[in-house]
Amino acid sequence: MYAFDIERPTTVAEAVAALKDEDAQALSGGQTLIPTLKQRLASPSKLVSLSGIAETKGVSADGGTVTVGGGTTHAAVAAGASAYPALAALAGGIGDPAVRNRGTIGGSVANNDPAACYPAAVLGSGATVVTNAREIAADDYFQGMFTTALDEGEIITAVKFPVPEKAAYIKFEQPASRFALVGVFVAKYADGVRVAVTGASEEGVFRWTEAEAALSGNFSAGALDGLSVSADGMISDLHGTGAYRAHLVAVLTKRAVAAAG
Amino acid sequence: MEKFGKAQPVKRVEDVRFLTGQGRYVDDIVPEGALFAYMFRSPVAHATITGLNVDDARSADGVHLVLTAQDLLDGGMDITLDSTAAPNRDGTHGAKPERPVLAHGKVRFVGEPIAMIFAETMDQAKDAAELIEFDYDELPAHLGLATGGQLVHDEVAENLAYDYGIGDEDATQKAFDEAAHVVSLDVGDNRIIVNSMEPRACFAEWDGSRMHLCMGGQGVWGIKTNVARMLGLDPENVRVTQPDVGGGFGMKSFPYPEYFVCCFAARALGKPVRWTADRTESMLTDNGGRDLTSLAELAFDADHRITAYRIKTISNLGAYNSGFGQMIQSFLFARVMPGVYDIQTAWLNVLGVYTNTTQVDAYRGAGRPEAIYVLERMMDRSARELGVDPLELRRKNFIPVAKFPYQTVTGENYDVGDFNRVLDRAMELGDTAGYAGRKATSEAAGKLRGMGVCYYIESILGDPDERVQVDFEEDGGVAIYVGTQSNGQGHETVFTQFLADQTGIPADKIRFVQGDSDLIAKGGGTGGSRSVTTQTNVTLKAVSDIVTAYTGYLADKFGVDEDKISFDDDTFRIEGSNEAPSMLDVAAMARDDQREDLLSFKAVDEIPGRSYPNGAHIAEVEIDPETGKVTLDKYTVVDDFGNMINPMLAEGQVHGGVAQGAGQALSEHVVYDEDGQLLTATFMDYAMPRANDLPFVAFDTEPVPSTRNPMGMKGCGEAGTVGSMASVANAVQDALWDRGIRQVDMPFTPHRVWQMLTAAE
Ligand SMILES: Cc1cc2nc3c(=O)[nH]c(=O)nc-3n(C[C@H](O)[C@H](O)[C@H](O)COP(=O)(O)OP(=O)(O)OC[C@H]3O[C@@H](n4cnc5c(N)ncnc54)[C@H](O)[C@@H]3O)c2cc1C
């Protein structure tokens, strides 16, 4: 780790101001950033800790929307998002207890790791990413692996999830990291079904629109018979080829539909 | 047997210390002010070094010393790590290319040490490392498990380190020519990274005349010899210590460069220095395990009796010889090549090859798991091809009870064994009768189910002789000095409990001392499942010496004949007297009488022969055919460990061993890319087995006491690993057989199993 300064603002406004310095970087739960620093793969001159900002913490449910503060830990979502059980279950399946007690939704969604779980929930729910500056629809937010619509120094303050009629997330774990080798989030709304896939594509999280179309007419695993995604553009690594991941997308989508009931 | 007395499931006294963070590992006890060492390592797998400039690193903040190979040579150090060469078929010995502690001329694997930096903080040392200019011309990396290709060492033709043979090649060929049935199979045995919980670590301090090296290892004496040799010190002036050690598994048995460079630096600086590997550094540089492939063939007569066995193996040594690297897949593999079967005609040929990867050496079982893996995969395949029950085929070929002691074709002499009895118990405990029902249930849920058996045998290795010293101390307690070295197995509990049982001295009055070459002149360390048998054997001798001496002393003191005095493992009885002194009481009397000769006892003893633990493992797996995910669903072990001193600790050894074997079979996967970069260099990519990957292990024993040591014991430290690889692999093969899959090799990761399923469609 290289030396750095640290600031601990208590409001979003202070944090935004602190992040104006060149080479300053936000630090939330540190579950991604700290290992990166330890390996000397990043060298921010200043870290701005978001952990002391009370206004970005907590889960609330209101009129069909669950709002999760950007600084809310995975453990808090697992325990507190009972109004959106599939979301709570997803949060409860991230990492291990230590990771869940430190890692936050804001950090996960800002990082947009191609194998992370939250991006599937955010995109699969058609959620809205709320920042200090604006609101960004999920469809506009994710822009390829580790790439998002966030501007430099922009802070995620909350994510607003419309609660679906039915939903489920099925994660097939990469054997070592237990991130998603492939994860599929399926959510059924009155106006249609959304299917978001993480772990699989070189473009990061994506919507499987053919499956959405098939399921919107007939929300059953059988509706997916014969549907498949192409292996082109799928991640190939030592844990699985693109063909394997493409195959898993179809298998897991069916399982997610079955699990959603 | 009466000597053995009390088998007790005593809980481990050291565990409270370990589990509450009170263990004293190397990194916990470094001397104050020790400088931090950081190793600058090769970023490439194979290259000629064209330049190495450490000037800027030397003048960086906080840096006290930077050492390169040239500096060590200039300082008069012998920079070559030693190793044992395997015997070649032609009577010569295997290759011994130089393995320097710091690279010079060439680098041969990613992570090879190049320069070591000593600074006041770790960050300063790492900052300085970034200032090192290292120039090189990259060479193609030789990575395949094959001879030939780009030479790793110019002087070793074909990259062939050794060509080992044992058995009778011609007689074997003849038996194959005459066989009624021949079965053959390619058996791959994947490379693993050992991943001890505590990484390798050391500190070194120099007091002006003596060197003290403290490091995590498996015995202090071999390292001491090497320190003396390489630094040109009188062995008298070298002290090596090993405190608590967090796992070794064979990997920590052997010399590694960092220890000796740290010693050199401590002497050069007159300051203590410390080094601890980080996790990726461990994964890059700790000796790997396994990594071989074998073509195995069995010949049968018309009645399905084995008439000959032949194996051709290629084994990866990595870039250099590690200490015992050449011996693992050759001589040690051969120890149990024929397993529990009556096979008198065999031929084993093993080629060891160099590659541009990290060294490979002993890993829990060291050659014996590998041999049993090949054999038990073969027995399973043979049963399928012959169309007979795999257990019946094994029973038909078991060495019968009446044939013991049994001389094997590779030179072992098995003392006892009753394999049918053990297998009967395993089938009962594992409910093999209920398997069909469980398979039907799995199938109803869309899953494939398989059952696999392995009947293993192990030959206990390591030094057969051992030492002990028992001191009666002034505070009324006792110290026991042992020549073994706990790596976390519970020696402190077992050896103090054993002495307590034999002498009546309360266990909490016994102080356990290990791992200090100043206090213990010689010992065998831990390895080859030797510790409990050799250490208790010599402790028995010491106890007998004490009893004899104390009997004589009491006879004099009480004016009775020696035969009027007896010791009942607790108290001395003196005929015609009401006195009934305990051993501690007698020691106190002797101290009062100034009989120093009765206060310290040393013993050396060699066990009469090796023991041969054996047993049956039965694994059941369930496979999700849509994803390829394998779940180890049911696991049963019945072992013949002879008499056990502490059955609970023995069972714990089996649990850990099974986890390591199942880990290799199901998830552990070392992957190098085509340039020799290790892709699985963190736990994000290298999948260790976790508690929830394993079922509860049903365990029982069917003891047939060994006749080769007074307690009738058999070693148990490695046995779990030896049995588990083949049982799991056979279960996976069983589950996939009906899908037409005929070649299954570990690791059975979801992706690989899915590929097998897809290819068979
Ligand atoms: C062992 C382990 C296992 C894991 N397993 C999983 C898993 O199964 N599934 C999964 O999805 N994830 C997993 N993770 C990742 C985990 O969920 C992290 O918590 C998450 O990716 C990052 O969140 P964080 O709060 O720790 O962010 P940090 O590490 O603090 O920050 C990550 C990045 O986001 C930026 N950032 C942080 N907060 C904000 C914000 N509010 N606004 C804008 N930018 C911000 C930081 O500047 C940084 O670039 C695992 C992590 C570990 C260590």
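Mentor: Let us begin with the chain interface: 10 residues of chain A are in contact with 15 residues of chain B. Helix α10 (residues 242–260) of chain A supplies the largest share of chain A's side, 3 residues. By class, that side has 7 nonpolar, 3 polar and no charged residues. Please bear in mind that this is a predicted model.

Trainee: What makes two residues count as being in contact?

Mentor: Their C-beta atoms, placed from the backbone, must lie within 7 Å. By that criterion, 10 residues of chain A and 15 residues of chain B qualify.

Trainee: Why is Gln326(B) called buried?

Mentor: The cut-off for a buried residue is 20 or more other C-beta atoms within 10 Å. Gln326(B) has 27 C-beta neighbours inside 10 Å, and therefore counts as buried. This residue lies in helix α9 (residues 325–335) of chain B. Beyond four places in sequence, the residues that Gln326(B) touches include Ser83(B), Thr84(B), Tyr162(B), Leu317(B) and Gly352(B). By contrast, 39 Å separate its C-alpha atom from that of Val543(B), 217 residues away along the chain.

Trainee: Why is Asp569(B) called partly exposed?

Mentor: A residue is exposed at 12 or fewer such neighbours and buried at 20 or more, with partly exposed in between. Asp569(B) has 16 other C-beta atoms within 10 Å, so the term partly exposed applies. Its place is the loop between β24 (565–567) and β25 (572–574) of chain B.

Trainee: What makes the phi of Asp569(B) worth noting?

Mentor: Most residues other than glycine have a negative phi. Asp569(B) is not a glycine, yet has a positive phi of about 70 degrees. Asn112(A), also not a glycine, has a positive phi of about 50 degrees.

Trainee: Is Asn112(A) buried or exposed?

Mentor: Asn112(A) is buried, because it has 23 C-beta neighbours inside 10 Å and the cut-off is 20. It is found in the loop between α6 and α7 (118–124) of chain A.

Trainee: Which peptide bonds are called cis?

Mentor: One joins Phe404(B) and Pro405(B), with omega about -5 degrees. Pro405(B) lies in the loop between α11 (390–397) and β18 (406–407) of chain B. Another cis bond joins Met746(B) and Pro747(B), and its omega is likewise about -5 degrees. Pro747(B) sits in the loop between α18 and α19 (750–760) of chain B.

Trainee: What makes a set of residues a nonpolar core?

Mentor: The members must be buried residues of the nonpolar kinds listed for a core, joined through C-beta atoms within 7 Å. The largest such core holds 308 residues, of which Ala37(B) and Ile117(B) touch the most other members. Helix α18 (residues 719–737) of chain B gives the largest share, 10 residues. Apart from its neighbours within four places in sequence, Ala37(B) is in contact with residues including Ile117(B), Phe118(B), Ala125(B) and Trp275(B).

Trainee: Which residues of helix α4 of chain B are buried?

Mentor: In this helix, which spans residues 122–129, they are Gln124(B), Ala125(B), Asp127(B), Ala128(B) and Ala129(B). Their cover includes β1 (35–41), α2 (55–58), β3 (63–68) and β5 (113–119) of chain B.

Trainee: What does the record say about residues 1–166 of chain A?

Mentor: An unreviewed UniProt entry annotates them as "domain: FAD-binding PCMH-type". In the model, this span is 31% helix and 21% strand, and its end C-alpha atoms lie 45 Å apart.

Conventions:
Residues are numbered from 1 along each chain as its sequence is written. Chains are lettered from A and ligands numbered from 1 in the order in which they are written. This is a predicted model: local features need pLDDT of at least 70, side-chain atom pairs count only at pLDDT 80 or more; totals for chains, interfaces and linings use all residues. Helices (H or I, at least four residues) and strands (E, at least two) are DSSP runs, numbered from the N terminus. Ala, Val, Leu, Ile, Met, Phe, Trp, Tyr, Cys and Pro count as nonpolar, Asp, Glu, Lys and Arg as charged, and the others, Gly among them, as polar. UniProt positions are given in the numbering used here, feature names are shortened, and annotations may be inferred rather than shown by experiment.
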